[in-house]
Amino acid sequence: MTTPEPPPASLRLIVDEEALAANWRALDELSGRAKAGAAVKADGYGLGIAKVAPVLRDAGCATFYVAHWSEVAPLLAHVPAEATVVLHGPATAGEAAYGIATGVRPAINTLAQARLWREAGGGVCDLMVDTGINRLGLPPTELGDPVIAALEIDTLHSHLACADEDNPLNAVQLARWQSARGQVRHRRAALANSAGIVLGAAYHGDLTRPGLALYGGIARQELVGTIRQVARLETALLQVRDVAAGEGVGYNSTFVAPGPMRLGVVALGYADGYLRCWSGKGSLRSGEAELPVLGRVSMDMTIVDLTAAPRLREGDWLSVEYELPAAAAATGLSQYELLTLLGARFAR
Ligand SMILES: *Cc1c(COP(=O)(O)O)cnc(C)c1O
């Protein structure tokens, strides 16, 4: 017996493809003489790689960054192997062999990775130099190692720790990156993430690596008015109920109805990435009507106040207030977390 086709999902993540393409073009423009690539790790920042990769490719993006090797195959369904870079680099001989077999470039982050890559057969790779974030990347003191000199480097990268603020470390990292550029042969150089692009031409090099801003995140205030929101969330109304004054709502009755109220229960919960920090804080919308979240968000459901839209019925669709900077301010979550949290039950 074959399994029947499932009915449509009761959660939707709608990607505004036009806004996504416009954001890439804006960041490419802001990158000046450098070309913008795209960080598409973590399933395109939670929006779905199959959704975002073709849009970015068709907008003109020619370099795509993922973190894990597990992210390569889903990306290669949409972009050429030579356009793909794996930021974590090869940690094992198996990963190096996979890079060579697929034609994907790793970013080499350590001398050990450089050796693994060469022993597997080598070929063109990228090199990540750590200039002050002290995360992943080769310390500048190791740039003179013969194993690095033997690499065939496409892009020499570094990554900024504080590009989203005006911090003296930005200029320090810029100087260290420029110095690294003088020490190893490479075809292109890259330093800037979304926020780094705003720091100006000196930070651009040949290639930039925006992520967050592509997907509507405001990485720095300068991007307000340029970057458009990309993700829209919608959920179905499962049940409408009327409660009397004094009734508790949801787990632990953290909200108690002050008078008779109409409530709506929607198919969105913390398992979908709508975390409990939205309890008593978030809002849904039906047209102009605002429907505040009441009580605790639970795993698969959230309860809202239908006072502003008493005619809503079971099966109607509501949108979730999820404007990124405002949502970050309301919850204390970062814009990055708000995007990458969005779960597998959203139809993308
Ligand atoms: C994730 C990542 C980016 C993208 O950063 P955003 O702040 O999302 O623009 C760029 N470079 C590296 C190395 C990254 O890991």
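Start by selecting Tyr-45, Tyr-215 and Tyr-336, which together form one aromatic cluster. Rings of Phe, Tyr and Trp (its six-membered ring) are paired here if their centres lie within 6.5 Å; planes under 30 degrees apart count as stacked, over 60 as edge-to-face and the rest as tilted. This is a predicted model, in which local features need pLDDT of at least 70 and side-chain atom pairs count only at pLDDT 80 or more, while totals for chains, interfaces and linings use all residues. Residues are numbered from 1 along each chain as its sequence is written, and side-chain values use heavy atoms, with hydrogens and water left out.

**Stop 1**

Colour the helices next: Tyr-45 sits in helix α2 (residues 41-45) and Tyr-336 in helix α11 (residues 335-340), so the pair links parts of the chain 291 residues apart. Helices here are DSSP runs (H or I, at least four residues), as are strands (E, at least two), both numbered from the N terminus.

Is Tyr-45 buried or exposed? Tyr-45 is buried, with a relative accessible area of 6%, and Tyr-336 is partly exposed at 38%. Buried means under 20% relative accessible area, exposed over 50%, and partly exposed in between (1.4 Å probe, protein chains only).

**Stop 2: Trp-69 and Tyr-98**

Trp-69 is in the loop between β4 (64-66) and α4 (72-76), and Tyr-98 is in helix α5 (residues 93-102), 29 residues apart. Trp-69 is buried at 9% relative accessibility; Tyr-98, at 33%, is partly exposed.

**Stop 3: arginines over rings**

Move to Trp-317, where Arg-12 lies over the ring face at 3.4 Å from the ring centre. Then try Trp-177, with Arg-181 over its face at 4.7 Å from the ring centre. A charge sits over a ring if NZ of Lys or CZ of Arg is within 6 Å of the ring centre and within 35 degrees of the ring normal.

**Stop 4: helix α10**

Finish with helix α10 (residues 324-331), where Leu-324, Ala-327, Ala-328 and Thr-331 are buried. Look down the helix axis: the buried residues of α10 fall within an arc of 100° (taken from the directions from the axis to the C-beta atoms), so they line one face of the helix. Among what covers these buried residues is α11, with contact meaning heavy atoms within 4.5 Å. Just after α10, click on Gly-332, which takes a positive phi of about 80°.
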